[in-house]
Amino acid sequence: MSDHISVHEPKALKAIRTLLGSLIALAAIAYASDLFSRIGLAIYTEQYLAVVLGISLALVFLKPQANPTRRGMDACVAVVAFIAGLYLAVQYPMLVERQLDMPPAALTLSGLFFVLVLEGLRRVIGITLVIVVLAFLTFALVGHNFSGPLQTRQIDLDRLMVYVGIDTNGMLGLTLSVAATIVIGFVLFGQLLLRSGGVDFFNDMALSLMGRSKGGSGKIATIASALFGSISGVVVSNIVATGVVTIRMMKQGGFKPQTAAAIETVASTGGQIMPPVMGAVAFLMAEFLQISYSEVVLAALVPAVLYYASLYIQVDLEAAKEEIKKIDPALIPSKKKVFGQGWVFAIPFAGVIGALFFFNLRPETAALWGALGALIVGLVRGYNGKRMGLADIRDALAETGHSIVDIIMIGAAAGFIIGILNVTGLGFGLTYALVQLGQGNLFLLLVIAAAVCIVLGMGMPTVGVYLLLAVLVAPSLVQVGVEPIAAHLFIFYMGMMSMITPPIAIGAFFAASIAKADPIKTSFTAMRLGWTAYIIPFLFVTSPALLLIGNPISIAVAVISALIGVWAVSVGFVGYLGYKRKLGARLAFMIAGALFLVPLSGETELLITARLAGLTILALLIGFFCTEKGRLSVRTE
């Protein structure tokens with residue numbers, strides 16, 4: 001989540017925070033470009049992670065507080081965190097070699113970072129995840145007294161601390177690594193694209209394409225937010241960047257404030273699931289599953305299409321239902337002008353795709369290529385007469401560092417949990433316990449997992465949610481036979497939906513504040529508009545054809561059936577098709593849609609019967625609609 005600097009911040013403090021934020025971005029650039037090895041400096045990845053963690057902690061503690069009396073104490077803690085990060089980086093080779101001997105420096109640093117990270121975590125996202133980490137720590141110390149699958153091996157606190165603080169399976173492990181390398185790269189890409197005019201281009205492109213259609217303002221918000229959201233990696237940043245334009249446009253067009261805010265929320269949230277970038281999660285998922293990036297993108301494609309198809313259909317029907325007026329043609333730019341000025345924004349994306357597929361570079365290096373492309377476009381050409389200046393580059397670097405600290409804290413905390421699970425053996429027991437809780441029933445296990453994902457994800461950035469859930473929940477789904485890619489996409493979708501699910505629907509609340517709408521009404525409207533994200537994951541777990549896994553015929557049937565089902569259910573939710581529908585007709589549409597969405601694995605007679613029943617209901621409803629429409633036309637004449 002973006003960390004906006006307060007206007008009441010002292011100039012000296014603002015300058016220090018700007019410098020620290022820029023240092024994080026510059027360190028990531030140096031790491032992604034292999035600058036250290038090019039100058040003959042061989043370093044461990046963990047040394048780089050220690051520096052980034054130390055700077056991030058300093059930024060967290062230097063964030064302006066409502067209570068100025070705490071500023072002096074926070075500054076001291078920030079200095080301690082910064083020095084500790086540098087010391088760990090310098091001493092890491094020696095400490096990791098002597099880890100089993102538990103030198104005092106290793107124990108002291110591990111304990112210090114454990115406390116600092118948890119306090120930093122509390123400050124940036126609240127107490128929930130802190131409680132989760134402390135619960136795992138407590139259970140690790142007393143779990144050997146239990147019997148059954150959750151019994152752990154006995155381990156002393158000092159050895160546990162050293163393990164989670166120094167070992168590569170702990171704080172300095174995979175979760176912090178992907179946050180401090182891949183995610184930072186794509187956040188920087190998004191920040192430079194924002195300041196080079198990319199967001200204005202996306203908005204104008206959507207306006208020129210959809211401005212003349214019914215409910216065009218809502219469709220513009222859907223397209224623009226999907227485009228930028230795929231890159232930004234932070235839902236709230238996407239809402240703020242595009243919502244200030246699209247929400248006002250939707251309200252002026254006639255959408256209710258909570259509907260306008262909800263459309264923006266759902267569109268911005270969905271950007272995280274839209275290939276090819278998926279807010280950087282595509283690359284993290286490939287790392288976790290040890291598969292190619294292209295496999296992740298292909299698997300995520302159909303669910304993302306279904307998500308946005310549902311949103312588009314509902315926006316279109318809502319506009320017709322509420323008689324939303326079209327956008328003033330004078331405000332719609334010509335396609336020729338928009339694409340003539342903005343075609344250069346294909347260059348950054350071509351850089352990313354080329355680096356990944358043609359040169360087989362690491363994701364963080366590919367992000368650097370994209371960032372370089374955005375920088376060149378912004379400096380040389382810009383968009384609509386506005387070019388990027390040196391101040392924009394400085395702000396992009398600083399905001400990259402400020403935006404990433406939440407995810408760095410979550411990555412470090414997830415590393416604590418991974419270390420505890422590994423060293424105590426609790427990971428196997430937890431997976432077994434979740435499977436047993438599901439009582440061998442896959443659907444029940446999925447419901448439990450979905451609830452855990454939504455609760456754990458509340459208030460956290462999407463990337464951080466995925467990192468945590470990939471450790472805690474995904475293994476239990478894989479254990480019962482779910483395709484690994486399906487399991488990871490399932491927890492990703494469910495964790496992401498915490499952004500629009502009450503009571504802590506942080507994305508909906510931010511959009512509501514821009515629209516001056518009721519936040520609770522906004523979140524419930526967003527849940528209705530984004531209903532597919534709650535349902536589709538259950539479908540692709542039980543029917544992998546929706547992830548393009550299987551033979552072409554079964555994939556085609558599954559995709560077509562899902563599209564028909566999404567259309568029918570969306571009509572039922574909005575309650576409009578040609579004219580407002582009564583409750584009975586709405587329920588009939590939803591039932592027909594549900595019959596098309598029943599997973600089609602195995603080609604059983606029951607499922608074929610369900611499809612035929614759904615088709616019959618839809619045929620009757622559409623036939624009745626055509627008859628009623630003819631009667632209305634005769635009456636009008």
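Leu-298 is found in helix α14, where helices are DSSP runs of H or I with at least four residues, numbered from the N terminus. The model is predicted, so that local features need pLDDT of at least 70 and side-chain atom pairs count only at pLDDT 80 or more, while totals for chains, interfaces and linings use all residues. Residues are numbered from 1 along each chain as its sequence is written, and side-chain values use heavy atoms, with hydrogens and water left out.

**Surface patch**
- Leu-298 is partly exposed at a relative accessible area of 48%, given that buried means under 20%, exposed over 50% and partly exposed in between (1.4 Å probe, protein chains only).
- Together with Leu-301, Val-305, Leu-548 and Leu-563, Leu-298 forms a nonpolar patch on the surface with about 380 Å² of accessible area, to which helix α14 (residues 293-321) gives the most, with three residues.

**Thr-501**
- Thr-501 is placed in the loop between α23 (484-496) and α24 (506-515), and Thr-501 is buried, with a relative accessible area of 10%.
- Leaving aside neighbours within four places in sequence, Thr-501 is in contact (heavy atoms within 4.5 Å) with Ile-454, Met-458, Met-527 and Tyr-534.
- A polar atom of the Thr-501 side chain lies 2.5 Å from the backbone oxygen of Met-497.

Methods
Patches are made of residues with over 30% relative accessible area and no salt bridge: like charges are joined within 9 Å, nonpolar side chains (Val, Leu, Ile, Met, Phe, Trp, Tyr) within 5 Å. Accessible areas come from the Shrake-Rupley method with a 1.4 Å probe; for residues, only the protein chains shown count as cover. A salt bridge is a side-chain nitrogen of Lys or Arg within 4 Å of a carboxyl oxygen of Asp or Glu. Helices (H or I, at least four residues) and strands (E, at least two) are DSSP runs, numbered from the N terminus. A polar contact is a pair of N or O atoms within 3.5 Å; within protein, one must be able to donate a hydrogen and the other to accept it, and residues adjacent in sequence count only if both atoms are side-chain atoms.
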